[in-house]
Amino acid sequence: MASSDLEQICSYINEKIGNIKKFLSLRNCGQEPTLKTILNKIGDEIMVVNELLNKLELEIQYQEQTTKSLKELHESLEEDYKDVEHLKENIPPHLPQVTVTQNVYMKSRLTYCQINDVIKEINKAVVSKYKILHQPKKSTMSTAVRNLYHRFTDEETKDTKGHYFIVEADIKEFTALKVDKRFHVILNILRHCRRLSEVRGGGLTRYVIT
């Protein structure tokens with residue numbers, strides 16, 4: 001969730017809390033029938049605020065977990081990249097140069113920046129997907145968003161329970177990445193770093209964030 005979204009939710013919650021305080025200040029005005037309507041509104045406002053607070057808590061927990069995972073992934077890739085650079089600069093003279101070149105960091109066709117860019121796009125897809133999934137089932141959604149919501153839930157399995165994951169369709173839906181050979185090479189690197197794992201089933205490959 002972007003900071004502007006969090007600010008908007010916090011502003012909305014503060015507005016609701018302000019309304020509740022205003023309504024509660026009228027409690028001691030007696031038990032007149034006209035005040036019962038106001039008290040009913042208080043109950044409705046409390047329910048709305050409670051739902052928003054629960055949603056905000058889920059979003060904050062997700063952002064904290066995502067930030068932690070990305071930080072660990074970033075540190076791991078930095079270490080791997082340093083190791084590769086060290087190998088490239090210290091190639092033993094008795095090894096065939098062409099063989100080493102072909103095996104250093106997936107044929108040396110990828111740079112750290114390219115891998116990092118893909119990680120950012122994967123994170124973008126994860127955030128976009130779970131922003132939809134975290135919406136209450138009865139909330140108002142467009143037809144397109146509701147179709148995505150149902151697809152996401154249908155793709156879940158017992159092996160993905162409690163984990164964040166995406167599929168290739170999510171990459172195509174939420175990013176401009178091409179799901180090509182280079183993309184799969186980068187996924188192999190992330191699996192090698194133990195930052196992604198695969199869960200297959202039903203003709204679908206799920207990429208689980210680990």
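# Chat about a predicted model

Reader: What share of the contacts in the protein with a separation of 6 or more is between residues 24 or more positions apart?
Author: Such residues account for 63% of those contacts, where contact means heavy atoms within 4.5 Å.

Reader: What sort of model is it, and how are residues numbered?
Author: It is a predicted model, in which local features need pLDDT of at least 70 and side-chain atom pairs count only at pLDDT 80 or more, while totals for chains, interfaces and linings use all residues. Residues are numbered from 1 along each chain as its sequence is written, and side-chain values use heavy atoms, with hydrogens and water left out.

Reader: OK. How many helices and strands are there?
Author: The protein has 7 helices and 3 strands. These are DSSP runs numbered from the N terminus: helices are H or I with at least four residues, strands are E with at least two. Along the sequence the pattern reads α-α-α-α-α-β-α-α-β-β.

Reader: In what order do the strands sit in the sheet?
Author: The order is β1-β3-β2, in an open sheet with antiparallel pairing; two strands pair if DSSP finds at least two bridges between them. The edge strands, each pairing on one side only, are β1 (165–166) and β2 (196–201).

Reader: And how many bridges join β2 and β3?
Author: There are 6 bridges between β2 and β3 (residues 204–209), in the antiparallel sense. Arg 200 stands opposite Thr 205 in β3.

Reader: New topic. How much of the protein is buried?
Author: Of the 210 residues, 32% are buried. Buried means under 20% relative accessible area, exposed over 50%, and partly exposed in between, with a 1.4 Å probe and protein chains only.

Reader: Which residues have the most contacts inside the largest nonpolar core?
Author: They are Ile 122, Val 126, Tyr 130, Ile 171, Leu 187 and Leu 190, in a core of 33 residues. A nonpolar core is a set of buried Ala, Val, Leu, Ile, Met, Phe, Trp, Tyr and Cys residues joined through side-chain atoms within 4.5 Å. The largest share of this core, 10 residues, comes from α4.

Reader: What does Ile 122 touch?
Author: Setting aside neighbours within four places in sequence, Ile 122 is in contact with Ile 166, Ile 171, Leu 187, Leu 190 and Ile 209.

Reader: How many aromatic pairs are there?
Author: The count is 2. Rings of Phe, Tyr and Trp (its six-membered ring) pair if their centres lie within 6.5 Å; planes under 30 degrees apart count as stacked, over 60 as edge-to-face and the rest as tilted.

Reader: Why is the pair of Tyr 130 and Tyr 164 edge-to-face?
Author: The planes of Tyr 130 and Tyr 164 are at 90°, with the ring centres 4.6 Å apart, so the pair is edge-to-face. Tyr 130 lies in helix α4 and Tyr 164 in the loop between α5 and β1, so the pair ties together parts 34 residues apart in sequence. Both Tyr 130 and Tyr 164 are buried.

Reader: What about Phe 152 and Phe 174?
Author: Phe 152 and Phe 174 form a tilted pair, 6.3 Å centre to centre with 45° between the planes. Phe 152 lies in helix α5 and Phe 174 in helix α6. Phe 152 is buried at 0% relative accessible area, and Phe 174 counts as buried at 17%.

Reader: Last one: where does the charged end of Lys 129 sit?
Author: The charged end of Lys 129 sits over the ring of Phe 165, 3.6 Å from its centre. The rule asks for NZ of Lys or CZ of Arg within 6 Å of the ring centre and within 35 degrees of the ring normal.
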